[in-house]
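Subject: Structure handover and notes

Dear colleague,

I am passing on the structure we spoke about, together with some notes on what turned up in it. Please look through the structure first and then read the notes beside it.

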Amino acid sequence: MKRIIVTRFSAMGDVAMVASILYEFQQQHPDTEIIMVSRKLFEAFFTHIPRLVFHPIDPTGRHRGALGLLRLFTELKKYKPDFIADLHNNIRSRILGSFFKLSGVKLCTLHKGRSEKKALTRSYNKVKYQLKLTTERYADVLRALGFDIQLSHKLEKTDRSVPKELAIDFSTTKKSIGIAPFAQHAFKVLPLEKMTEVIAYLSKNNYATYIFGGGSNEQEIADNWAKSYPNVKNLINQFSVSQELDIIANLDLMLSMDSSGMHMASLVGTRCISIWGATHPYAGFLGYGQSQKDIIQVEHANRPSSVYGNKPCDCDGTEAIDLVTSQMVIEHIKNICE
């Protein structure tokens, strides 16, 4: 049995994409065992993958700093790995990988395509074309280690039971839609008044609508939606990550920003409409198996301004996300569900 240590510590959506490709990798390589190293919060993404052991990293505690990484190395070398797949390529993962390389273990590191992404997002003479998908970049690391892998780039619907608290809700014939209306950066978030119009439409037309997210401010916003509109439920901080995946697997449709909600939908095979503003699918971060046809965006010459959405759009004071209308979103939902 060949043993591979795979490292990807953050962010949530990126780790979810790793889970998507490792599932297919293990289907194609029954003679391998994977040790997945990531944050404890993300363990739920990997429970369905055969021959995978999850080893949590605690970057703010036990594994903090150089001594912490040395401690993590000591923990991991007990697995006696044959290969190290660094799917993060940040300071922590490179230091950890160096420890293993010095001990004679074969190491391959993610090529992020920084130069192409810089050309895509610079404010002048943008070079705009579809870059390699992030999932294929992850697969390339495994290929460089000597493993063949062919990614299907297809959604695979998973059979999961909803939490008992929602069993009655999902027993009805209502169309069910999940909404992940938030993101880490404001330049990726559809303005709340427009999202409110979308939610009002869904409520009026008898859709069962479930709001996903995290954080106290987001929870307050979602609470107000749930109080104001029938058929809308706020799930923020109500369920574990594993239970959220259970719920998403049973939805008819997911609606998400360019954020982790889209990637969680991919993990369980649920179709997702994604809304894009300052970022662009060209950077390679579309959810695994999701369709280009389900992207909602307004193209213009100044997009994208950044890969991760942490910079405003270079568009004379009007953010790219503001060009997306609530009616565009509603029409797309209607075309799929009605």
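Predicted model: local features only at pLDDT ≥ 70, side-chain atom pairs only at ≥ 80, totals over all residues.

Residues are numbered from 1 along each chain as its sequence is written, and side-chain values use heavy atoms, with hydrogens and water left out.

I begin with helix H1. Helices (H or I, at least four residues) and strands (E, at least two) are DSSP runs numbered from the N terminus. The 17 residues of H1 (residues 12–28) should span 24 Å at 1.5 Å a residue, and the end C-alpha atoms are 25 Å apart, which agrees; the expected span here is 1.5 Å times one less than the number of residues. Of those 17 residues, 13 are buried, so that H1 is mostly covered, where buried means under 20% relative accessible area with a 1.4 Å probe and protein chains only, exposed means over 50%, and partly exposed lies in between.

Next come the rings. The structure holds nine aromatic pairs, a pair being two rings of Phe, Tyr or Trp (its six-membered ring) with centres within 6.5 Å, counted as stacked if the planes are under 30 degrees apart, edge-to-face if over 60, and tilted otherwise. One of them is the stacked pair of Phe42 and Phe45, at 5.9 Å centre to centre and 5 degrees between the planes; Phe42 is buried at 6% relative accessible area, and Phe45 is buried at 0%. Phe83 and Phe147, by contrast, are edge-to-face, because their centres are 5.2 Å apart and their planes stand at 80 degrees. That pair links distant parts of the chain, 64 residues apart, with Phe83 in strand E4 (residues 83–86) and Phe147 in the loop between helix H5 (134–144) and strand E6 (176–180).

As for open space, a pocket is an open set of points on a 1 Å grid over the protein atoms alone, with protein on both sides within 12 Å along at least five of seven lines, whereas a cavity is a set where a 1.4 Å probe fits but cannot get out; lining residues have an atom within 4 Å of a point. The largest pocket holds about 1,100 Å³ of space, and of its 41 lining residues the closest to the centre are Ala11, Met12, Gly13, Gln184 and Ser260. H1, H5, helix H8 (241–249) and helix H9 (260–267) each supply at least two residues of that lining. The second largest pocket has about 270 Å³ and 14 lining residues, with Lys117, Thr121, Val307, Tyr308 and Lys311 nearest its centre.

A search of the whole structure finds one cavity of 30 Å³ or more. The largest cavity has about 50 Å³ of space, and its lining consists of Ala44, Phe45, His48, Thr158, Arg160, Leu245, Leu267 and Val268.

Lastly, Asn90 sits in the loop between E4 and helix H3 (91–102) and counts as buried at 19% relative accessibility. The side chain of Asn90 reaches the backbone nitrogen of Ser93 at 2.9 Å.

With best wishes

Definitions and conventions:
Points joined across faces, edges and corners; volume = space filled by probe spheres on them. Polar contact = N/O pair within 3.5 Å; in protein donor to acceptor, adjacent residues only side chain to side chain.
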